[in-house]
Amino acid sequence: MIAPVVVSVGAATHTGLRRRLNEDSFLAQAPLFLVADGMGGHQAGDVASAAVIDVFRPLAGRAVLTVDDVGFAVARARSAVEAIAGDGASRAGTTLSGVAITAVDGVGYWLAVNIGDSRTYRLAEGRLEQISVDHSVVQELIDAGELLSDDAQRDRRRNIITRALGAGSDGEADYWMIPAEAGDRLLVCSDGLSSEVPDALIHDVLRRSEDAQAAADRLIALALERGGRDNVTAIVIDAVHVSARALGAADDESDIDSDTRPRAGATGGVR
């Protein structure tokens, strides 16, 4: 099967300037682009994130994945992390964010998945939007109108997440289906990037860097320049070619569940 979305990818990770252990793990091989940010330190946060990525690794190399493929893998990943916790690492857990390439009637789509506060962004036609919605205390306060977005970076509760794989959480992952377009540039990152580098600067790097690997490297460098207080990982995905809907095909997308679309008003970004 011919891939409905052909991509160019760059990826980079760094332990940061204050940590001794890199608890981030990632997978950047079509059709999967995922970042897992482990929690629990020497109580196996690094093992938890690696275990999640290992569950998804056998799916790499396919032309497309389905919603069921990703959903079943998330369920297996949760079981893998809970097994680690069962061995005594009771705090072991991890976030998971990213995209898979999928298709609807042969047309290329991004299937985004998120649990926790790692993030997925999309740059399209010069506009950066955060596709994922953080599962965090500060995001809930923002949604409730009790905290301004501009204050979130400085709030002492910014590192408290409300959903994860493991760490005693049974919260579910969110999913979105987004039509892919040639020229799309996606970023998947751990919060070691988004907590150090503001969206406006991320937007500038993604817009100005011609090469996906150069963009990923520059984003990591910026996070380190601005403090590097956490592990930091970035995957940049460029859509080089996207299969188009056949001429004369219906434009009705009613077969796609409306719940899988980005929630209006829930995504941030730079316009």
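What follows is a chat about a predicted model of a protein.

Reader: How many helices and strands are there in the protein?

Author: The protein has 7 helices and 13 strands. This is a predicted model.

Reader: What is the mean pLDDT?

Author: The mean is 86, and 80% of the residues reach 70 or more. Over residues 246-271, though, the pLDDT is below 50. That stretch has 40 contacts in the model beyond near neighbours in sequence.

Reader: How should low pLDDT be handled?

Author: Where pLDDT is low, the predicted coordinates should not be read in detail.

Reader: Fine. What share of the protein is buried?

Author: Of the 271 residues, 51% are buried. The accessible surface is about 12,300 Å², with 48% of that belonging to carbon and sulfur atoms.

Reader: And the contacts, what share comes from residues 24 or more positions apart?

Author: Among contacts with a separation of 6 or more, 73% are between residues 24 or more positions apart.

Reader: Let's pick a strand. Is β5 mostly buried or exposed?

Author: In β5, 8 of the 9 residues are buried, so the strand is largely enclosed by the rest of the structure.

Reader: Which strands does β5 pair with?

Author: β3 and β5 pair in the antiparallel sense over 4 bridges. Within that pairing, Phe33 has Val99 of β5 as its bridge partner. β5 also pairs with β6, again antiparallel, over 9 bridges. There, Val104 stands opposite Val107 in β6.

Reader: How many residues sit between the strands in the hairpin of β5 and β6?

Author: The hairpin has 2 residues between its strands, and Asp105 takes a positive phi near 55 degrees in it. Asp105 is not a glycine. Its place is the loop that runs between β5 (96-104) and β6 (107-115).

Reader: Is Asp105 buried or exposed?

Author: Asp105 is exposed, because its relative accessibility is 67% and the cut-off for exposed is over 50%.

Reader: Where else is there a positive phi in a residue that is not a glycine?

Author: Ala167 is one of these, with a phi of about 55 degrees. Ala167 lies in the loop between β9 (165-166) and β10 (174-179). With a relative accessible area of 38%, Ala167 is partly exposed.

Reader: Different topic. Which residues does the cis peptide bond join?

Author: The cis bond joins Ala30 and Pro31, with omega at about 5 degrees. Pro31 sits in the loop between β2 (24-29) and β3 (32-39).

Reader: Now Thr233. Where is it?

Author: Thr233 is in strand β12. At 0% relative accessibility, Thr233 is buried.

Reader: What does its side chain make a polar contact with?

Author: The side chain of Thr233 makes a polar contact with the side chain of Thr13, at 2.7 Å. Leaving aside neighbours within four places in sequence, the residues in contact with Thr233 include Asp24, Phe26, Val35, Cys189 and Ile220.

Reader: Last one, Gly227. Which residues does Gly227 touch?

Author: Not counting residues up to four places away in sequence, Gly227 touches Leu17, Arg18 and Glu196. Gly227 and Leu17 are 210 residues apart along the chain, and their C-alpha atoms are separated by 7.2 Å.

Reader: Where in the chain is Gly227?

Author: Gly227 belongs to the loop between α7 (212-225) and β12 (232-242). With a relative accessible area of 22%, Gly227 counts as partly exposed, because buried means under 20%.

How values were computed. Residues are numbered from 1 along each chain as its sequence is written. Side-chain values use heavy atoms; hydrogens and water are left out. Buried means under 20% relative accessible area, exposed over 50%, partly exposed in between (1.4 Å probe, protein chains only). Contact means heavy atoms within 4.5 Å. Accessible areas come from the Shrake-Rupley method with a 1.4 Å probe; for residues, only the protein chains shown count as cover. pLDDT is the predictor's confidence in each residue, from 0 to 100. A polar contact is a pair of N or O atoms within 3.5 Å; within protein, one must be able to donate a hydrogen and the other to accept it, and residues adjacent in sequence count only if both atoms are side-chain atoms. Two strands pair if DSSP finds at least two bridges between them.
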